[in-house]
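The sequence and the model may be kept in view throughout.

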Amino acid sequence: MRKLFLSFGVLLLLVQGCAHTPKHGHQSSPKWVSKKKYALVRVFYATDRNLTSSESPARMFGADYGDLSYGTCLVSIPRDHRMGELESPLIWKLEVHSDPNKNVALLQIIPQARTNFFDAINGDVNSAPGKRAFVFIHGFNISFAEAARRTAQLSYDLGFDGAPVFYSWPSQGNVFGYTRDEQSIEYSESHLEEFLNDFAVNCGATNIYVIAHSMGCHALAMAFASLAATHPAAARRFKEIILAAPDIDSVVFKTQIAPQIVSTNSPFVTIYASSNDKALAVSRSFYNGHQRLGESFPSPTVIPGTDTIDATAVDTSFFGHTYIGDERSVISDLYYLLQTGESLEQFRRAGMERVGTAPDEYWKFRP
């Protein structure tokens, strides 16, 4: 996911999400709490990472295999937060610790029993007009803390009035851990399927969305294909599957996976891709050898029954890989999807244009 041989970029990536934060507690907390200089956002988690002995939220869950566990996290969003930013301590300013007044910071982890977890989620869902929930599945080189921070930032930037949830699999959180993370994804696929089935049965949301990024898309695709085959009623409970920069073999997905998850009785599928995604270029060149589903070069992978969106024009980041949470245009597009649930065929969204003709038609953001 991250390019391996650009040392400065590696340093920037490794510094994110690694700061020490206050000890976690065990009291319940509201979804939103206003502080003087920051907002406190509650997000829900499910994880199959190992539980460590550390009381620091940033280190409470490790990178080894564990059993499914549940709970909530409290994350700060600074008042001067800019949409698409994941504000972190700045290495060039010699900042070491996260400051909730300036950073998106994981402040507290509150473990919960499974029944209490779903009770809390349904409390948020039932208080929201649209009865919505989303599940975010992170990609390669992401720690538990980083996943919590990204989920809170997405929820805040989307103005999401519902239950924000993330599933954290045991990524090494290390730029050199690609092969180990691929093994962890395989370990987590059955757990993710179990969780999605449980979520479909026990979450009272009318509208449930799943957003996966990078290598997390592989776990979601495999888990959901199995879920659709074994528990079709549960699979139909999900309204939309969003695959952002998916690190999946494009041919394998189109010919073997998509037929199992794309149908009139399944959730709608949206795929975001880019020709500037250097992380996926590394995945293709050094590890997998075939075009990734999240690459739009030489051409996007178009699959009947899905929306493919070329996001090349909107990403100016160093790696061109994190546009799902960093780019205003993509966040606005996600807002539309999660607020209306309509596909591009039902509404031509501003800032996009159609390219090609059916059955090879796709959408792309205008520069």
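The model is a predicted one. The chain has 367 residues, and buried residues make up 59% of them; buried means under 20% relative accessible area. Of the contacts between residues at least 6 apart in sequence, 76% join residues at least 24 apart.

The account may begin with strand β3, residues 61-78. Because 14 of its 18 residues are buried, β3 is largely enclosed by the rest of the structure. Strand β2, residues 38-51, runs antiparallel to β3 and is joined to it by 12 bridges. One of these links Ala39 with its partner Ile77 in β3. Strand β4, residues 105-112, is also antiparallel to β3, and seven bridges join the two. Here Tyr70 has Gln112 in β4 as its bridge partner.

How many of the seven residues of β7 are buried? Seven of the seven are, so β7 is largely enclosed by the rest of the structure. Asn207, Tyr209, Ile211 and His213 point one way from the strand, while Ile208, Val210 and Ala212 point the other way, and all are buried.

Helix α5 comes next. This helix, residues 215-230, contains 16 residues and spans 23 Å from its first C-alpha to its last, close to the 22 Å expected at 1.5 Å a residue. Its buried residues are Met215, Gly216, Cys217, Ala219, Leu220, Ala221, Ala223, Phe224, Ala225, Leu227 and Ala228. What covers the buried residues of α5? The cover includes strands β5, β7 and β8 together with helices α4, α6 and α7.

One of these covering helices, α6, is the place of Ala234. With a relative accessible area of 9%, Ala234 is buried. Beyond its neighbours within four places in sequence, Ala234 is in contact with Asn197, Ala200 and Leu227. Ala234 and Phe224 are 10 residues apart in sequence, and their C-alpha atoms are 10.0 Å apart in space.

Another covering helix, α4, also packs against helix α8, residues 278-288, at an angle of about 90° with the axes 12 Å apart. The two helices are therefore roughly perpendicular to each other. Where they meet, α4 contributes Tyr178, Thr179 and Glu182, and α8 contributes Ser283, Tyr287 and Asn288.

Aromatic rings provide a further view of the structure. A pair of aromatic rings is described by the distance of the centres and the angle of the planes. A search of the whole structure finds 16 aromatic pairs. In one of them, the rings of Phe61 and Phe144 have their centres 4.7 Å apart and their planes at 35°, so the pair is tilted. This pair links distant parts of the chain, since Phe61 is in strand β3 and Phe144 in helix α3 (residues 144-158), 83 residues apart. Both count as buried: Phe61 at 7% relative accessibility, and Phe144 at 2%.

A second pair brings α4 back into the account. The rings of Phe140 and Tyr178 have centres 5.3 Å apart and planes at 65°, so the pair is edge-to-face. Because Phe140 lies in the loop between β5 and α3 and Tyr178 in helix α4, the pair ties together parts that are 38 residues apart in sequence. Phe140, at 1% relative accessibility, counts as buried, and so does Tyr178, at 2%. Elsewhere, ring pairs link Phe44, Tyr70, Phe117, Phe118, Tyr167, Phe195 and Phe199 into a cluster.

The last stop is Ser332, in helix α10, residues 328-340. Ser332 is partly exposed, with a relative accessible area of 43%. Ser332 and Leu158 are 174 residues apart in sequence, but 7.6 Å apart in space, C-alpha to C-alpha.

How values were computed:
Residues are numbered from 1 along each chain as its sequence is written. This is a predicted model: local features need pLDDT of at least 70, side-chain atom pairs count only at pLDDT 80 or more; totals for chains, interfaces and linings use all residues. Side-chain values use heavy atoms; hydrogens and water are left out. Buried means under 20% relative accessible area, exposed over 50%, partly exposed in between (1.4 Å probe, protein chains only). Helices (H or I, at least four residues) and strands (E, at least two) are DSSP runs, numbered from the N terminus. Two strands pair if DSSP finds at least two bridges between them. The expected span of a helix is 1.5 Å times one less than its number of residues. Contact means heavy atoms within 4.5 Å. Rings of Phe, Tyr and Trp (its six-membered ring) pair if their centres lie within 6.5 Å; planes under 30 degrees apart count as stacked, over 60 as edge-to-face and the rest as tilted. Axes are lines fitted to C-alpha atoms, for helices over the stretch in contact, and angles run from 0 to 180 degrees between N-to-C directions. Angles under 35 degrees count as roughly parallel, over 145 as roughly antiparallel, 65 to 115 as roughly perpendicular and the rest as oblique.
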